[in-house]
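Please examine the sequence and the structure shown below.

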Amino acid sequence: MARPAWYASAFFRLVRHATRPPLGALSNSKQPYRIALGAFSRRWQSSSTGSTSSHPRAPGASPSSSSSSSSSSVNPEEISHFNALAETWWDPHGSSRILHLMNPLRHDFIRDCHASQPDPPSPDRKLRYLDIGCGGGIFAESAARLPTTASVTAIDPSPEVLAVAQRHARKDPALHPSTNPGRLTYLNATIEILPMPEEPYDIVSVFEVVEHVENPANFLDRCGQFVRPGGWLVLSTIARTWVSWFTTNLVAEDILGVVPKGTHDWRKYINEDELRSHFARQSGWSSPRIMGVVYVPGLGWKEVTGSEKVGNYFFAIRKDSD
């Protein structure tokens, strides 16, 4: 059977992109699979700032605390796409099935980050989490149930998706705000308008989010402000390679349908060496960690060394202690 014409067109667009010279703030990358796009480079560069008028109160934030003014990282088209998936978020066989299967690896990666420290947290120390772009709350809920957790604050810009998260959490008395206040707090907010708390967080998680935002460099810099000295900024995203286009866009979305169509824009993917370079230029960060993962149908997500160069991966970096 003949290959659909649009597949051929997409292939030739990739060829044209791959032959372009490196552009923008990430031009010193040495990653052999790197495909530099002008649109991506412009997204990564610093953007002009703007003011914000209303600030939801974060747990522990003082009334006078305020966020630094910044342009929003939210893309309305992305929000609309995820709003349409809201009601099936907690269906383990629905549109978010891939995220449910990935969730155990998120916790494994965070534990590995703590174990790598010269001063790992004491088992008696309770950790505070900030989950940015929490969606329906898959990670936030699971983190809130851990015996080592003091509290989880989870934020998302979509009221529709956040309502799903709140309804699901109320089914568990251990997470219901009336029986266990402060254990799990959901806020309809973006990171740009979230006030700084009096005490920063031990873990700031940004799972499957950075490839959906505008101005990713500014976004990550803002996220980093919420990490306490000695704490971790932890995220997951996808490398921008031919392999990732084939697996996430063509196969996962268009052929198998295991990911809802339109979820990913390959041009927004970020390579791990670009993240390393970004934080290497910032003072106060060290000990970057990477874990490449591959989705195996029928088996779920598996750690595969080196796969961070071509597809999905976790990235973490630690804020230096004072």
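Helix α9 (residues 272-280) is largely enclosed by the rest of the structure, because seven of its nine residues are buried. Buried denotes under 20% relative accessible area, exposed over 50%, and partly exposed the range in between, with a 1.4 Å probe and protein chains only. The buried residues of α9 are E272, D273, E274, L275, S277, H278 and F279. Helices here are DSSP runs of H or I with at least four residues, strands are runs of E with at least two, and both are numbered from the N terminus.

The model is predicted: local features need pLDDT of at least 70 and side-chain atom pairs count only at pLDDT 80 or more, whereas totals for chains, interfaces and linings use all residues. Residues are numbered from 1 along each chain as its sequence is written, and side-chain values use heavy atoms, with hydrogens and water left out.

The loop between α8 (242-255) and α9 contains R267. R267 counts as partly exposed because its relative accessibility is 45%. Although R267 and T241 are 26 residues apart along the chain, their C-alpha atoms are separated by 9.6 Å.

A further enclosed helix is α7 (residues 216-224): eight of its nine residues are buried, so the rest of the structure largely encloses it. P216, A217, N218, F219, L220, R222, C223 and G224 are the buried residues of α7.

The loop between β4 (201-207) and α7 holds E208, and N215 also lies in the loop between β4 and α7. Most residues other than glycine have a negative phi. E208, however, has a positive phi near 55°, and N215, which is not a glycine, has a positive phi of about 50°. E208 counts as buried because its relative accessibility is 15%; N215 is likewise buried, with a relative accessible area of 15%.

Where is empty space left inside? Rolling a probe the size of a water molecule over the atoms shows such space. A cavity is a set of points, on a 1 Å grid over the protein atoms alone, where a 1.4 Å probe fits but cannot get out; lining residues have an atom within 4 Å of a point. The structure holds one cavity of 30 Å³ or more. The largest cavity contains about 40 Å³ of space, a volume being the space filled by probe spheres set on grid points joined across faces, edges and corners. Its lining comprises H114, Q117, P121, R125, L127, D202, R228, G230, G231 and W232. Strand β5 (residues 227-238) gives the most to this lining, with four residues. By class, the lining has three nonpolar, four polar and three charged residues. Nonpolar covers Ala, Val, Leu, Ile, Met, Phe, Trp, Tyr, Cys and Pro, charged covers Asp, Glu, Lys and Arg, and polar covers the others, Gly among them.

The protein chain as a whole has nine helices and eight strands. Of its 322 residues, 51% count as buried. Among contacts (heavy atoms within 4.5 Å) between residues at least 6 apart in sequence, 74% join residues at least 24 apart.

Confidence is expressed as pLDDT, the predictor's confidence in each residue from 0 to 100. The mean pLDDT of the protein chain is 78, and 70% of its residues reach 70 or more. Over residues 1-70, pLDDT stays under 50. Where pLDDT is low, the predicted coordinates should not be read in detail.

Notes
1 Å grid on protein atoms, 1.4 Å probe; cavity = no way out; pocket = protein on both sides within 12 Å on 5 of 7 lines; lining within 4 Å.
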